[in-house]
Amino acid sequence: MADTALLSLLSKPIIGKHYRDPAYLDQLRCIFSEYGYVKLTEFFIKPVYESLVAEIGAIQRKKRKRDFQMPGYATPRIMSVVSGSEILESSVLLVTLYGHCELRKTLATIIDHDIFGVHHREELMVVNLLEKRGDTHGWHLDDPRYAFIAVLKATPNDQGGSVEYISNWRSLCAEHGLGAEQNVDKGVELAASRGMIRQAHHKAGDCYLLNAGECLHRVTPLAVDKSERWVLNMAFDDRMSIPFGATADLLYGEHP
Ligand SMILES: O=C(O)CCC(=O)C(=O)O
Ligand SMILES: [Fe+2]
């Protein structure tokens, strides 16, 4: 994107004006505080969203395929990824958006806490692509607490690619003596038997905010051939610096 076009795009409001309505923000804050998840519809104004789609379309050419079982969680990662470091090297738009004051202020209002960007080159911002039947981003927690996700390509409602999440996962595990990041299948079964797994589906253009450090979450396997789901995940935290596990490097780091 040319510098002048970028400047003119990002010097005006970038987020839909309903996100400046205190009553609406308050409603979103309540939902997020109760569930750890809130859908943000028509979040970016159209020209910003369209530039985002074009930018991710270009960036996705750098994707790397992944197909493995994540150690610890013991859940599948069958997907393609573009890491934070690749995005940092190639997209002024995304880097500028990540630090954008209006974006951070709006998210902080919904989270009800100041937020910081994260200092992990691979994990501060990533692109995840599900591209064929069976592709899935299995159950996990993120290292940073808050994931702001923009959905750029989506599947129809009944064809997989839905987000499932378990609110208060860490407390559930603590209550039952389960490791929150180890062999999560048992805890997921327990949550399922108690009706604690929530599901959300998103169409292209939807965004959502997740307390990804507390809610175990996954994206269900794509159910049909020739379907695609693309997301951009921007990570934030209310702590200035945070500990990182090995999972982000395994998924996004440079290895064959
Ligand atoms: O694709 C999604 O909606 C979730 C992405 C996610 O969980 C992640 O990037 O850690
Ligand atoms: Fe995640």
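Along the sequence, the residues that donate to the iron ion (ligand 2) follow the spacing H-x1-D-x74-H. In this predicted model, local features need pLDDT of at least 70 and side-chain atom pairs count only at pLDDT 80 or more, while totals for chains, interfaces and linings use all residues. Residues are numbered from 1 along each chain as its sequence is written, chains are lettered from A and ligands numbered from 1 in the order in which they are written, and side-chain values use heavy atoms, with hydrogens and water left out.

The iron's protein donors (N, O and S atoms within 2.8 Å of the metal, or 3.2 Å for Na, K and Ca) are His-140 (NE2), Asp-142 (OD) and His-217 (NE2), which lie 2.1 Å from the ion. Water is not among the atoms, so the site may look incomplete. His-140 sits in strand β6 (residues 136-140) and His-217 in strand β11 (residues 216-219), 77 residues apart, so the pair links distant parts of the chain; strands here are DSSP E runs of at least two residues. Both His-140 and His-217 are buried, meaning under 20% relative accessible area with a 1.4 Å probe, protein chains only.

As for nonpolar packing, the largest core has 48 residues, with Leu-40, Phe-43, Phe-44, Leu-103, Leu-107, Phe-148 and Leu-232 making the most contacts inside it. Such a core joins buried Ala, Val, Leu, Ile, Met, Phe, Trp, Tyr and Cys residues through side-chain atoms within 4.5 Å. Another core, of 22 residues, lies apart from this one and includes Trp-169, Ala-180, Leu-251 and Tyr-252.

Notes. Helices (H or I, at least four residues) and strands (E, at least two) are DSSP runs, numbered from the N terminus. Buried means under 20% relative accessible area, exposed over 50%, partly exposed in between (1.4 Å probe, protein chains only).
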